[in-house]
Amino acid sequence: CVVSWLLCRLNRIENNNHPDVVTIMPDGLSIKVEQIRYLKSEFNKSGVESDRKVFIIQDAQKMSIGAANSLLKFLEEPSGNITAFLLTSEPQKLLPTIISRCQEVEMQQLTSGQLEQELISEGISEKNSHILANLAQSVVEAKNPSSLRVKFDCGLNDNGKTIVKSRTFSNLNHGAAALDV
């Protein structure tokens with residue numbers, strides 16, 4: 001059946017088990033030159049299951065300048081049958097020369113309700129899914145709470161006194177399970 005064949009391929013890609021698909025994501029706070037070099041070395045090899053190779057760069061806006069320039073050289077002189085996906089929520093942070101060599105496809109974000117359901121289907125509790133869906137913009141971000149930014153604004157009680165000071169917390173280093181209160 002074609003559907004089961006496709007689901008099998010998608011599952012292998014999602015689990016980084018497809019030999020013709022390479023996914024790169026930030027190592028710490030950025031995508032480094034070494035990661036792009038690895039990507040380039042993978043595409044010097046021939047395809048295993050097809051003649052097309054695919055690379056996916058998640059959070060492409062987090063490439064260091066060196067990594068972006070290395071990728072640019074690769075995009076300018078592609079070898080073989082290669083398709084690249086540069087995933088970003090902030091395209092303005094990509095080098096204009098990289099953008100000029102790509103076709104932009106804008107995707108709509110999930111609503112918080114849709115995101116909550118996706119998180120539940122990923123095995124995150126309903127309580128945590130509800131909280132994360134209101135803090136994150138994607139499943140990837142929700143599953144990596146260290147990337148979330150949370151801001152608490154000031155509020156006044158009936159006597160006109162501040163009840164919450166304005167604070168911004170970023171790089172929350174707590175897993176989703178730590179959100180249970």
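**Helix packing and selected residues**

Biologist: Ile99 is found in helix 4, and the model under discussion is a predicted one. Does Ile99 count as buried, partly exposed or exposed?

Modeller: A residue is buried under 20% relative accessible area and exposed over 50%. The relative accessibility of Ile99 is 24%.

Biologist: How far apart in space are the C-alpha atoms of Ile99 and Leu72?

Modeller: Leu72 is one of the buried residues of helix 3, whereas Ile99 belongs to helix 4. In sequence, Ile99 and Leu72 are 27 residues apart. From C-alpha to C-alpha, their separation is 9.7 Å.

Biologist: Leaving out residues up to four places away in sequence, which residues does Ile99 touch?

Modeller: Contact requires heavy atoms within 4.5 Å. With residues up to four places away not counted, those touched by Ile99 are Pro91, Leu94 and Glu104.

Biologist: What order of helices and strands does the protein chain follow?

Modeller: The protein chain has seven helices and seven strands. Read along the sequence, they follow the pattern α-β-α-β-α-β-α-α-α-α-β-β-β-β.

Biologist: Among contacts between residues at least 6 apart in sequence, what percentage join residues at least 24 apart?

Modeller: The protein chain has 181 residues, of which 25% are buried. For contacts between residues at least 6 apart in sequence, the share that joins residues at least 24 apart is 54%.

Biologist: What span should helix 3 have, and how far apart are its end C-alpha atoms?

Modeller: Helix 3 covers residues 65-76 and has twelve residues.

Biologist: Which elements do the buried residues of helix 3 pack against?

Modeller: The buried residues of helix 3 are Ala67, Ala68, Ser70, Leu71, Leu72, Phe74 and Leu75. They pack against helix 2 (33-42), strand 2 (52-57), strand 3 (81-86) and helix 4 (96-99).

Biologist: Are helix 2 and helix 3 roughly parallel, oblique or roughly antiparallel to each other?

Modeller: The axes of helix 2 and helix 3 are 8 Å apart, and the helices pack at an angle of about 20°. Their crossing is right-handed. Angles under 35 degrees count as roughly parallel, and helix 2 and helix 3 are therefore roughly parallel.

Biologist: How do the residues of the contact of helix 2 with helix 3 divide by class?

Modeller: Helix 2 contributes Val33, Ile36, Leu39 and Lys40, which meet Gly66, Ala67, Ser70, Leu71 and Phe74 in helix 3. The residues of this contact divide into six nonpolar, two polar and one charged.

Biologist: Which elements do the buried residues of helix 2 pack against?

Modeller: In helix 2 the buried residues are Val33, Gln35, Ile36, Leu39 and Glu42. The elements they pack against are strand 1 (21-24), strand 2 and helix 3.

Biologist: Is Gln35 buried or exposed?

Modeller: Gln35 lies in helix 2. Residues up to four places away in sequence aside, Gln35 touches Ile24, Met25, Pro26, Asp27 and Ser30. Its relative accessible area is 15%, which is below the 20% cut-off, so Gln35 is buried.

Biologist: What separates the C-alpha atoms of Pro26 and Ala60?

Modeller: Pro26 is found in the loop between strand 1 and helix 2. Apart from residues up to four places away in sequence, Pro26 touches Ile31, Gln35, Gln58, Asp59 and Lys62. Pro26 and Ala60 are 34 residues apart along the chain, and their C-alpha atoms are separated by 8.2 Å.

Biologist: What is the phi of Asp59?

Modeller: Asp59 is found in the loop between strand 2 and helix 3 and counts as partly exposed, at 27% relative accessibility. Most residues other than glycine have a negative phi. Asp59 has a positive value, near 55°.

Biologist: Are helix 5 and helix 6 roughly parallel, oblique or roughly antiparallel?

Modeller: The axes of helix 5 (residues 112-121) and helix 6 (residues 126-135) come within 8 Å and cross at roughly 140°. Because only angles over 145 degrees count as roughly antiparallel, this makes helix 5, relative to helix 6, oblique.

Biologist: How many nonpolar, polar and charged residues are in the contact of helix 5 with helix 6?

Modeller: Helix 5 passes helix 6 in a right-handed crossing. Ser112, Leu115, Glu116, Leu119 and Ile120 in helix 5 meet Glu126, Ser129, His130, Leu132, Ala133 and Asn134 in helix 6. By class, this contact has five nonpolar, four polar and two charged residues.

Technical notes
Residues are numbered from 1 along each chain as its sequence is written. This is a predicted model: local features need pLDDT of at least 70, side-chain atom pairs count only at pLDDT 80 or more; totals for chains, interfaces and linings use all residues. Side-chain values use heavy atoms; hydrogens and water are left out. Helices (H or I, at least four residues) and strands (E, at least two) are DSSP runs, numbered from the N terminus. The expected span of a helix is 1.5 Å times one less than its number of residues. Buried means under 20% relative accessible area, exposed over 50%, partly exposed in between (1.4 Å probe, protein chains only). Axes are lines fitted to C-alpha atoms, for helices over the stretch in contact, and angles run from 0 to 180 degrees between N-to-C directions. Angles under 35 degrees count as roughly parallel, over 145 as roughly antiparallel, 65 to 115 as roughly perpendicular and the rest as oblique. A crossing is left-handed if the near helix is turned anticlockwise from the far one by less than a right angle, and right-handed if clockwise. Ala, Val, Leu, Ile, Met, Phe, Trp, Tyr, Cys and Pro count as nonpolar, Asp, Glu, Lys and Arg as charged, and the others, Gly among them, as polar.
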